2 protein chains.
Amino acid sequence: MNSNRGLEMHSFIAHWIDSLMLKDLDLKQHILKALVNKNFINKERLYIDTQMCKGLLFILDGKARIFSLSKQGREIDLFYLDAGECCILSANCVYNSVEMDIILEFMQDTKTAILPSSILHILKDNIIFQNFLTHLLTKRLSQTITTLNITNFKSLSYKFSQFALKNMQNNSLYITHQELSNHLGSTRESLTRLLKKLEKQGIVKNLRKEIKIQDIDALKNLN
Amino acid sequence: MNSNRGLEMHSFIAHWIDSLMLKDLDLKQHILKALVNKNFINKERLYIDTQMCKGLLFILDGKARIFSLSKQGREIDLFYLDAGECCILSANCVYNSVEMDIILEFMQDTKTAILPSSILHILKDNIIFQNFLTHLLTKRLSQTITTLNITNFKSLSYKFSQFALKNMQNNSLYITHQELSNHLGSTRESLTRLLKKLEKQGIVKNLRKEIKIQDIDALKNLN
């Protein structure tokens, strides 16, 4: 483990542990020792299936998405995890009865710290940790309902504008049409048709593996 | 309050309170006294918005659905509540930060008991109640992800078959095409087209405000 990364991880997680108001100093040390520092590369995936219980993942630096995959290969992004956010890697870590076949994919090279499930079981009796979990689950439920509403009630142009505003770097999305259509739960053909239309309107410019945003105000007004 | 209903409510909720393993007898009595016994009629709605905090609703007898409503009036059922299930009537009861504009609609005349939010605040420090909440939220998250996958990845005929298998009474759905299309997040026109096709195939028979299932095995195999 690189010592710089060790320090960085320590301060971020130490803050989280403090927020649990743990009075048991041994437990604090136990948690810090149990943390696994792990780097993932862009596009690497973790399969969050019902069989495995991987623990609680903290994003230290980078970005990930949680998505559903259909048998036909269609995808829908449920929500995104930015630096400072965390994710229960399987609800099975806490309860055995729940089925959720979803996938976590890193959207860039990402540094994480993982708190293994053995520690989560110890924290199950900690009221502040349980409040933290309730809060986290309520947030994810809210985000998933929002996604459900957007995918069902909103147009592809609106979905594109929301994705672009959230994910562009220097006013560009560095992504192929196939990848982007996966994020939006669309087909590549529909997306390409939309992007050609938006190019004609001067809102985007389609380059190779890059979509340049030309008119950000018009992008914000797409619905 | 009718004394029969009082008894019925008592035994159902008393079991729930026992499961919390509350050692504080005063608190037990406090919870039982705070419960509000309330009957709703078919189609009655509770708006679960971000402003209100209504408590925890137990379905004693009857059925309800939780659904999203778009500005254009389109609906999607997120999940159903049968007798013996319960629902946090607003995440705001526990946390203030979460936005979820969803509606609860009773699908038949329904008897409920509501535990007001004031009691939920007292139970916030009860570890077993918090575990119960975590479990409930995980279940709702899982159900919402399943709904998201079905609405996005599955055909209307599959959605119809799943709804019919879950909601038919004596092999019939007593519902108009408009109501049914609301449940399925579809338009009335698409649904009527589907039901005509299924009638030609001998799977259903379309009557006034009734869809009779003629071939249940074929219904189960729709995809």
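User: What makes a residue pair across the interface of chain A and chain B count as a polar contact, and how many such pairs are there?

Analyst: The rule asks for a pair of N or O atoms within 3.5 Å; within protein, one must be able to donate a hydrogen and the other to accept it, and residues adjacent in sequence count only if both atoms are side-chain atoms. By that rule, 10 residue pairs, both members at pLDDT 80 or more, are in polar contact across the interface of chain A and chain B. The side of chain A that touches chain B draws at least two residues from each of β4 (63–69), β5 (75–82) and α4 (127–153); helices (H or I, at least four residues) and strands (E, at least two) are DSSP runs, numbered from the N terminus. With 19 residues, α4(A) gives the largest share of that side.

This is a predicted model, in which local features need pLDDT of at least 70 and side-chain atom pairs count only at pLDDT 80 or more, while totals for chains, interfaces and linings use all residues. Residues are numbered from 1 along each chain as its sequence is written, chains are lettered from A and ligands numbered from 1 in the order in which they are written, and side-chain values use heavy atoms, with hydrogens and water left out.

User: How many salt bridges are counted between chain A and chain B?

Analyst: A salt bridge needs a side-chain nitrogen of Lys or Arg within 4 Å of a carboxyl oxygen of Asp or Glu. The count between chain A and chain B is zero.

User: What area do chain A and chain B bury between them?

Analyst: Buried area is the accessible area (1.4 Å probe) that two parts lose on being put together, summed over both. For chain A and chain B this comes to about 3500 Å², 70% of it on carbon and sulfur atoms.

User: Why is Ile203(A) called buried?

Analyst: Buried means under 20% relative accessible area, exposed over 50%, partly exposed in between (1.4 Å probe, protein chains only). Ile203(A) has 5%, and is therefore buried. Ile203(A) sits in the loop between α7 (188–200) and β10 (204–207) of chain A. Beyond its neighbours within four places in sequence, its contacts (heavy atoms within 4.5 Å) include Leu198(A), Ile213(A) and Leu222(A).

User: Why is Lys209(A) called exposed?

Analyst: Its relative accessible area is 51%, so Lys209(A) is exposed. Lys209(A) lies in the loop between β10 and β11 (210–213) of chain A, and its phi is near 55°, a positive value in a residue other than glycine.

User: Why is Asn170(B) called exposed?

Analyst: Asn170(B) has a relative accessible area of 70% and is therefore exposed. Asn170(B) is in the loop between α5 (156–167) and β9 (172–173) of chain B.
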